[in-house]
Amino acid sequence: MTQQPPIERTPKIKETNDQRALPVLPVRDTVLFPHAVLPLTVGRESSVQLINSLGEDKTIIVVAQREARVDTPQPSDLYTVGTSAVVHKVVKMPNQSLFVFAEGMERVHLGEFTQLTPFMRAHYTPMPEGTAPAVTSEIEALQRNVLTLFQQIVAGSPTLSDELSTVAMNIDEPGRLVDFIASSLPSLSTPDKQDTLETTDVHVRLQKINQHLAKELEVQQLRNKIQSEVQDRVQQTQREYYLREQMKAIQKELGEQDEGQRDVEDLKKKIEEAGMPDDVKKEALKELGRLSRMSPMAADYSLTRNYIEWLAILPWAKTSGQEIEILKAKEILDHDHYDLEKVKNRILDYLSVRRLKPSMKGPILCFVGPPGVGKTSLGKSIARALGRKFVRLSLGGVHDEAEIRGHRRTYIGALPGQIIQGIRRAETKDPVFMLDEIDKVGRDFRGDPASALLEALDPEQNSTFRDNYLDVTFDLSKVLFITTANMLDPVAEPLRDRMEIIELQGYTEEEKVHIAFQYLIPRQIDENGIAVEQIEFPEDAVRYVIRHYTREAGVRNLERNIGTICRKQARRLAEGKTDKLTVTQEVIQEFLGGIKIRTEGEIAERTERPGVAVGLAWTPAGGDVLFVEANAMKGKGGFTMTGQIGQVMQESMQAALTWVRSNADRLGIADDFFATHDIHIHVPAGAIPKDGPSAGVTMATALVSLLTGRRIQPLVAMTGEITLSGNALPVGGIKEKVLAAKRAGVRDVILPAENKTNVVEDLTPEQLENLAVHYVKTIDEVLRISLPMVEGSAGKTPSAPKDSRQEYRPEPRKQTEPMTDKVLTTRA
């Protein structure tokens, strides 16, 4: 295949003198080929003058513009290759434009422009077609293929005349055939037509037009296929419509109802039986009237029908209808859950009032507590005690407000919110509805689900709850809503204000043992297919698992470990070992691995050196012990705090250091110690974020222990906020912290005096067994309890080591202070 030399894209300004100059007629969005007749509308003033100036010689050059937007083209705006043409006929139009018929003669290459106004005139050079062999087999094959493709395109196109195929068949010259097809194809762009015009090699021209025809045929076939499918669907729809109209006419003659009419009658019957309020019934009947006038083929038919079905199926007047029996309810609650007396009493109070006043509104209860203490299962027990249906909705990860209130019917696939859907599943208007993990609700650009819950969880408003999909009011005042949360901080204040908060505290070891034998062990034995006589859990073994394999407020990990032991026994039985398994410490270590949690030993080991104090912390999973380590080195008075601690905790460290420095003389610390040493406080478990003020007392005690060289008494833990004047302020989470201290083997707990009420109200004597609780008002009292006394001198502390060797003198208490120098100590 021969390649034609590239054609210059910029018109030459200077050419040889023997070239002939002809008028140049610029045209837009079209290309004139040799041997083709092109009708042209000439409207530009310069082009009109050009046509009017023609005398006997009607020859011009027709050349395409590069950009059709240019109204006054210059030589640089034109292609360099055009077609010489003869103007055969000129027709004047009423709008002063001209209608011209021009016949292309030959390809020409523009040379020097000799005139630019009033119209362009330029020299030109004829461009003969390339000298190819007469007709090779390849050219003949290409010519036939091009002709066949063109005939197929003409046959499949409604805009092309069949005469084009006849004309093409009568053209023998390959070059003329290509020019004819290129000028006849409306889908061929102006740049592609110009490229064909500029190509003088017939072989190359055939290949290019062959590619264009193949692409055009493929697009045409695809278009015809799509049009055929659309037409088939329209015909099918019309056919169904005519058949349905015929069926209606036949049914009318026979006195029968059609399917759509039967549907309307069924829905009307459901509406009458649903017991709707008058305003809701009016809306339902209005929508039913619209439905009856619709064709079943209408786009809104199914949407309207679904809406009416939702209205008709909701339990507008249906209740559980069971009589409340207080004793039976108490028996069910006691059977399902151990302890939790505060929650049980609140539920029984509600049942008693409801029995006396059935029309009372349901309370909104919020169970707050660490994971695994039975919040969700307690909701199921309450439903069973009330004889009501139980519905649970997990709010964890919900970000879209429409999940609560529903989507409006204008959206495709719209449905009511989860609250209305839950009421439908319950089939009564007074179920126990649990909104689980309300503290995990998210918030983003789609709305705030917590705000959408405000109406549903307000007893004064939820009697007229309006779902976006239903757009009518539904009475939720009979629903007993119960929410659960691990912590209250993430819950919005307006939402928290609408709920009655009931805290579920962590379990003690005794309570866990009781729960294990009464609930967990029987359940795991049953779930793992083991008979009761094939495994035995002694009490010592259960306590061993609690102490050394779990550190939690609830019992989930305990049940998980019991389940692991039961599965190991199931495997032994499957392997043919049918002897009874008695769970011992050795069996536990074999099945569960080595000891994972050390209690008393860990605290004793880590507090062997001065500067280490044991604090108490609250976590969403219950309480936990917190170690605070202090160290000093030679330096220039720097203070470093580490352990991924928050801003509040850092401020507590600063307050503790300030108090120690201001009382350095009484504590027996040298005056220049802080100027010549750097101090570093670290809270281990650096990967866990920590914050809050309750470790202030612990930090001050750790600093005093370090700087006076006295080790803190073993198995002592403390909590409390410190002030710059040395007062110990109350903190929260006391029950969780005390229970965590007991689980860790602590024997003495130091608490702020104002937290005494929390201990008395929230902790039982059994929970305080073998645990001494000390109530303090100042840091001086904390130091007297936690730091050892000097041998042989009552009331004095030992001397400080090395250069800070002075006597510690507690600050005398003012006479107006009601508390004596004795530390208040309560021992259970």
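The paragraphs below move from the sheet to the nonpolar cores, then to aromatic and charged contacts, and end with single residues.

This is a predicted model, in which local features need pLDDT of at least 70 and side-chain atom pairs count only at pLDDT 80 or more, while totals for chains, interfaces and linings use all residues. Residues are numbered from 1 along each chain as its sequence is written, and side-chain values use heavy atoms, with hydrogens and water left out.

Helices (H or I, at least four residues) and strands (E, at least two) are DSSP runs, numbered from the N terminus, and two strands are taken to pair if DSSP finds at least two bridges between them. On these terms, five strands form an open sheet in the order β8-β9-β12-β7-β13, with parallel pairing. The edges are held by β8 (390–394) and β13 (500–503), each of which has a single partner strand, so one side of each is left without a neighbour in the sheet. On average, neighbouring strands of this sheet are turned by 20° against each other, direction ignored, where axes are lines fitted to C-alpha atoms, for helices over the stretch in contact, and angles run from 0 to 180 degrees between N-to-C directions. Strand β7 (residues 364–368) pairs with β13 in the parallel sense over four bridges, and F367 stands opposite I502 in β13.

A nonpolar core is here a set of buried Ala, Val, Leu, Ile, Met, Phe, Trp, Tyr and Cys residues joined through side-chain atoms within 4.5 Å; buried means under 20% relative accessible area, exposed over 50%, and partly exposed in between (1.4 Å probe, protein chains only). The largest such core has 60 residues, of which V24, I60, F150, I181, I209 and L213 touch the most other members. Helix α2 (residues 137–156) gives the most to this core, with seven residues. Leaving aside residues up to four places away in sequence, I209 touches V146, V178, I181, A182 and L188, contact meaning heavy atoms within 4.5 Å. Another core, of 54 residues, lies apart from the largest one, and among its members are I324, I347, V545 and L558.

How many aromatic pairs does a search of the whole structure find? There are seven, counting rings of Phe, Tyr and Trp (its six-membered ring) whose centres lie within 6.5 Å, with planes under 30 degrees apart called stacked, over 60 edge-to-face and the rest tilted. The rings of Y307 and Y469 are 5.9 Å apart at their centres with planes at 65°, so this pair is edge-to-face. Because Y307 belongs to helix α9 (residues 301–313) and Y469 to the loop between β10 (465–466) and β11 (473–474), the pair ties together parts that are 162 residues apart in sequence. Y307 is buried at a relative accessible area of 0%, and Y469 is buried at 4%. F673 and F674 also form an edge-to-face pair, 5.7 Å centre to centre and with 90° between the planes.

Charges meet rings as well, a charge sitting over a ring if NZ of Lys or CZ of Arg is within 6 Å of the ring centre and within 35 degrees of the ring normal. R424 lies over the face of W310, at 4.2 Å from the ring centre, and the charged end of R606 sits over the ring of F627, 3.9 Å from its centre.

Lastly, D179 lies in helix α4 (residues 174–184) and is buried, with a relative accessible area of 2%.
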